[in-house]
Amino acid sequence: FAPCRLYYAEQEKMREQHLAVRLAIIEEARVLAAKIQQAPADWKKLDGDLNKLNHKWQKTGEVDRSKYKELQNSYQQALKPLKIAIKDFHQSNVEKKKSLIAQAEKELNNPDIFSAIQNVKELQSQWRHVGYAGPKEENRLWQSFRKINDELFKRREEVKEEEQYQQQEHKTAFEQSLSDIKNSLQDRESLIELNQAIEEA
């Protein structure tokens with residue numbers, strides 16, 4: 001029985017150590033949740049710190065079963081204000097980014113493509129200043145916004161190509177007119193010289 005007693009005593013000691021670690025994590029969660037009251041809150045860092053804390057919680061070893069449920073509840077309660085605040089922050093950013101997408105979509109109907117491009121560049125600048133919209137929405141919103149941008153830039157390239165084609169057409173027509181005038185002048189000079197030669201003869 002001595003080896004068993006030693007083993008169980010060791011296990012109990014480890015569970016006590018894990019209990020102390022979990023209590024410290026709960027305190028860290030409370031401190032982290034208090035940071036949302038600071039203005040301005042660094043939401044990206046808070047989100048990262050929350051993920052690290054959750055990872056630490058999951059990696060911490062077992063505690064006495066009778067205490068675990070209470071610990072888990074305390075941990076969740078400590079994180080609740082932080083999770084709600086981060087969720088609200090993400091949702092606010094989702095709404096802001098949807099608004100920017102709607103404004104960009106209006107530019108698709110702008111007949112002045114260069115004005116539309118300028119407007120969409122301003123929207124891109126605003127986009128960069130809006131915070132993260134959360135893991136579920138961020139990429140989807142960015143893809144929608146980027147698709148509109150790509151379409152406008154493609155239209156601008158088509159307009160530029162058309163303008164270059166028109167310029168080349170005008171240049172070719174101008175050069176042909178210039179050549180015709182030169183030929184006409186040369187023919188006229190030749191005719192004048194011929195007339196002078198006839199008169200002298």
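This is a predicted model: local features need pLDDT of at least 70, side-chain atom pairs count only at pLDDT 80 or more; totals for chains, interfaces and linings use all residues.

Trainee: Is threonine 60 buried or exposed?

Mentor: The general idea is to compare the relative accessible area with a cut-off: under 20% is buried. Threonine 60 has a relative accessible area of 11%, so it counts as buried.

Trainee: Which residues does threonine 60 touch, beyond those up to four places away in sequence?

Mentor: Threonine 60 touches His18, Val21, Arg22 and Ile25.

Trainee: What would glutamine 126 show by comparison?

Mentor: Glutamine 126 belongs to helix 4, which covers residues 113–129.

Trainee: How many residues apart along the chain are glutamine 126 and threonine 60, and what separates their C-alpha atoms?

Mentor: They are 66 residues apart along the chain, and 42 Å separates their C-alpha atoms.

Trainee: Now the cores. Which residues touch the most other members of the largest nonpolar core?

Mentor: A core is read as a set of buried nonpolar residues joined through their side chains. Here the largest one has 20 residues, and Leu53, Tyr75, Leu79 and Leu82 touch the most other members. Helix 1 (2–34), helix 2 (43–59) and helix 3 (65–107) each contribute at least two residues to this core. Helix 3 gives the largest share, 7 residues.

Trainee: What is leucine 79 in contact with, leaving aside its neighbours within four places in sequence?

Mentor: Leucine 79 is in contact with Ala29, Leu50, Leu53 and Asn54. There is also a second, separate core of 16 residues, with Leu100, Ala104, Leu141 and Phe145 among them.

Trainee: How should I read the packing of helix 3 and helix 5?

Mentor: Take the angle and the axis separation together. Helix 3 and helix 5 (residues 138–200) pack at about 20°, and their axes are 10 Å apart. Angles under 35 degrees count as roughly parallel, so helix 3 is roughly parallel to helix 5. Their crossing is left-handed.

Trainee: Which residues meet there?

Mentor: On the helix 3 side they include Val94, Leu100, Ile101 and Ala104, and on the helix 5 side they include Leu141, Phe145, Ile148 and Leu152. Charged residues also take part, including Lys97, Lys98, Glu105 and Glu107 in helix 3 and Glu138, Arg140 and Arg155 in helix 5. The residues of this contact divide into 8 nonpolar, 1 polar and 7 charged.

How values were computed:
Residues are numbered from 1 along each chain as its sequence is written. Side-chain values use heavy atoms; hydrogens and water are left out. A nonpolar core is a set of buried Ala, Val, Leu, Ile, Met, Phe, Trp, Tyr and Cys residues joined through side-chain atoms within 4.5 Å. Buried means under 20% relative accessible area, exposed over 50%, partly exposed in between (1.4 Å probe, protein chains only). Helices (H or I, at least four residues) and strands (E, at least two) are DSSP runs, numbered from the N terminus. Contact means heavy atoms within 4.5 Å. Axes are lines fitted to C-alpha atoms, for helices over the stretch in contact, and angles run from 0 to 180 degrees between N-to-C directions. Angles under 35 degrees count as roughly parallel, over 145 as roughly antiparallel, 65 to 115 as roughly perpendicular and the rest as oblique. A crossing is left-handed if the near helix is turned anticlockwise from the far one by less than a right angle, and right-handed if clockwise.
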